[in-house]
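These are my notebook entries on one protein model. I set down what I looked up, in the order in which I looked.

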Amino acid sequence: MKELQYLNKYFIKYKYRFLLGLFITIIAQIFSLFTPELIGNSIKVIEDYVKSSTKDVDLLKVSLLKNIFYILITTIIAGFFTFLMRQTLIVMSRYVEFDLKNEIFNHYQNLSQSFYKRNRTGDLMNRISEDVGKVRMYVGPAVMYSLNTLMRFTIVVIYMYNISPKLTLYSLLPLPLLSYSIFKISSEIHKRSGAFQQNLSNLFSFTQEIFSGIRVIKAYAIETKKQKEFIDLTQQSKTKAMDLAKVNSLFGPLMILLIGLSNLVVVFVGGSMYINGDPEIASIGVIAQFILYINMLTWPVASLGWVSSLVQEAEASQKRINEFLKEEPEIKNTTTEHTKIDGTIAFENVSFTYEDTNIQALNNISFSIEKGKTLAILGKTGSGKSTILTLISRLYDTTSGHILMDNKSIKEVNLYDLRNQISVVPQDAFLFSDSIKNNIKFGNENATDEEVIEAAKKAVVHENIITFNEQYETVLGERGITLSGGQKQRVSIARALIKNAPILLLDDCLSAVDTETEETILNNLLAYCKDKTTIIVSHRVSSAKNADQIIILEEGKIIEQGTHNQLLDNNGYYKQLYLKQLSEKEID
Ligand code: ADP
Ligand code: MG
């Protein structure tokens with residue numbers, strides 16, 4: 001139950017609903033107790049009639065009819081309150097489910113990039129859906145049935161004890177055995193349930209990856225292989241589920257056996273007491289009444305097994321949820337003060353190592369860009385270009401050295417302001433399965449349609465968009481059309497432009513467009529970026545040549561630095577690249 005204590009705050013939040021549920025449960029239980037008493041009484045009336053000398057049939061009929069009428073009324077009332085009990089307690093569990101899902105989602109969103117690298121998407125999805133579902137079963141049904149059982153047990157036993165303490169004690173004899181077996185079996189369920197949930201997460205992750213990468217899978221024609229892997233995983237899942245079902249199904253029969261034992265005890269001990277003229281059992285009706293009481297206990301006690309398995313499963317699930325909720329975002333906002341960013345950026349001896357792979361991506365990098373200037377970064381793949389950009393957005397913190405934003409450590413700048421005032425076009429353009437318009441407006445929720453078109457024109461994608469039937473309303477991705485790599489990059493550029501932030505980071509975002517379009521976009525950017533600090537990461541000299549400053553990276557180090565002309569004079573990597581790309585252009 002340790003992990004489930006996390007949910008106490010929700011019980012406190014919904015305490016009134018919870019207390020009301022408790023109250024209603026008590027009323028429902030009290031009303032359901034009338035039936036055994038009335039039946040016991042009916043049998044006694046018949047018994048008295050048989051024993052009496054007058055044999056007044058009319059009196060017998062009236063008494064019996066009266067009892068039937070009361071049974072009907074009290075049963076209806078008990079039923080009504082049981083309905084209300086479900087309405088309050090089960091509905092409460094739905095509220096908690098809603099809150100918990102939102103809490104987890106919000107927490108997920110705040111976690112750093114490295115968390116997403118460590119954990120698989122399917123696992124994240126499983127914990128926010130399946131596991132929360134299991135936890136809800138604890139908050140709702142498990143709590144409701146426990147309350148119900150507790151109330152019923154207490155009230156029924158008090159009633160029984162009042163009638164005959166001796167018979168009560170005898171009939172409850174199998175109880176310790178019952179508790180012991182419940183305890184034993186539920187700890188087994190706990191173990192097996194955790195294993196099953198973990199396996200389900202693996203299955204989710206696997207499926208999610210297959211569907212995301214379905215194009216590659218088809219292209220390599222490895223469907224059969226993947227099918228085999230899937231069968232393997234589902235096979236494991238099936239085995240785990242059956243292991244769980246085995247223990248789960250032990251419960252019911254065991255409970256019924258033990259309750260049946262109680263019934264036998266009541267008939268035997270009660271019967272002997274009656275024959276011996278024990279005053280506690282004045283009528284056969286009392287024995288009937290006891291059998292009904294015992295049977296009233298059957299279902300709740302049998303359901304204890306089910307409830308305890310629900311609790312154990314929820315405990316296993318909550319443990320998995322807590323694991324993620326305990327994760328602290330590595331990148332923290334240190335101030336609530338708002339910062340206006342001008343856009344002067346400086347790197348001072350920055351080194352960065354990716355913790356999980358231990359790859360040193362940057363090694364002692366220093367440079368600075370004045371507000372409104374343009375910096376181009378060139379270098380081979382893996383030289384650390386993208387890493388520089390992710391550090392500026394503070395998706396990671398530097399391993400050593402400092403990054404200054406307007407001469408202030410980037411860590412002291414309000415994180416949300418920082419990210420708000422940077423427009424990024426990432427290397428792998430990601431578009432949501434939504435309309436093109438909304439994908440562009442993602443950069444600025446309040447943009448007008450004209451501004452969307454304006455941005456698309458600057459990114460040289462407007463002409464493409466208007467050829468689609470639905471134009472800007474065209475839905476992308478899973479539910480809609482697939483754009484080409486170059487089109488995606490340009491929509492992604494439009495999204496960044498519409499944000500109109502003082503800093504613009506372009507990560508190799510023209511790699512999939514032809515040189516002519518690149519030229520046009522760069523020209524458009526020239527005017528747009530006049531007063532913005534811009535960093536262009538590229539493979540091409542053509543993207544870099546107009547920058548105020550160019551950096552050449554190799555294996556995380558700056559190997560050349562200067563303007564286009566300075567670098568040409570330098571006769572190094574840049575010059576070679578320039579000559580190579582010049583000759584390629586002539587061949588074109
Ligand atoms: P570039 O953008 O110049 O191609 P990157 O900055 O993406 O280079 O990568 C620099 C080095 O860091 C590479 O060796 C790459 O494998 C590694 N790297 C990049 N991103 C990650 C990451 N998220 N986790 C671990 N290693 C990474
Ligand atoms: Mg890169």
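I noted that the centres of domain 1 and domain 2, taken over C-alpha atoms, are separated by 63 Å. The model I examined is a predicted one.

I then looked up the bounds of the domains. The domain assignment gives residues 3-189 together with 249-325 as domain 1, and residues 345-587 as domain 2.

Next I turned to the interface. How many residues of domain 1 are in contact with domain 2? I found four residues of domain 1 in contact with four residues of domain 2. The two domains bury about 360 Å² between them, and 46% of this area is on carbon and sulfur atoms. On the side of domain 1 that touches domain 2, helix α5 (residues 113-118) gives the most, with three residues. I searched the interface of domain 1 and domain 2 for salt bridges, and the rule finds zero.

I checked the length of helix α2, residues 15-32. Its 18 residues should span 26 Å at 1.5 Å a residue, and its end C-alpha atoms are 26 Å apart, so the two values agree. Which residues of α2 are buried? I listed G21, I24, T25, I27, A28, Q29 and S32.

Lastly I looked up Q227, which lies in helix α10 (residues 223-275). I recorded Q227 as partly exposed because its relative accessibility is 45%, between the cut-offs of 20% for buried and 50% for exposed. Q227 and T390 are 163 residues apart along the chain, and 37 Å separate their C-alpha atoms.

Note on methods. Residues numbered from 1 in each chain as written. Chains lettered and ligands numbered in written order. Predicted model: local features only at pLDDT ≥ 70, side-chain atom pairs only at ≥ 80, totals over all residues. Heavy atoms only, no water. Helix = DSSP H or I, 4+ residues; strand = E, 2+ residues; numbered from the N terminus. Expected span 1.5 Å × (residues − 1). Buried < 20%, exposed > 50% of the residue type's maximum accessible area, 1.4 Å probe, protein only. Domains from an automatic or database assignment. Contact = heavy atoms within 4.5 Å. Buried area = accessible area lost by both parts, 1.4 Å probe. Salt bridge = Lys/Arg side-chain N within 4 Å of Asp/Glu carboxyl O.
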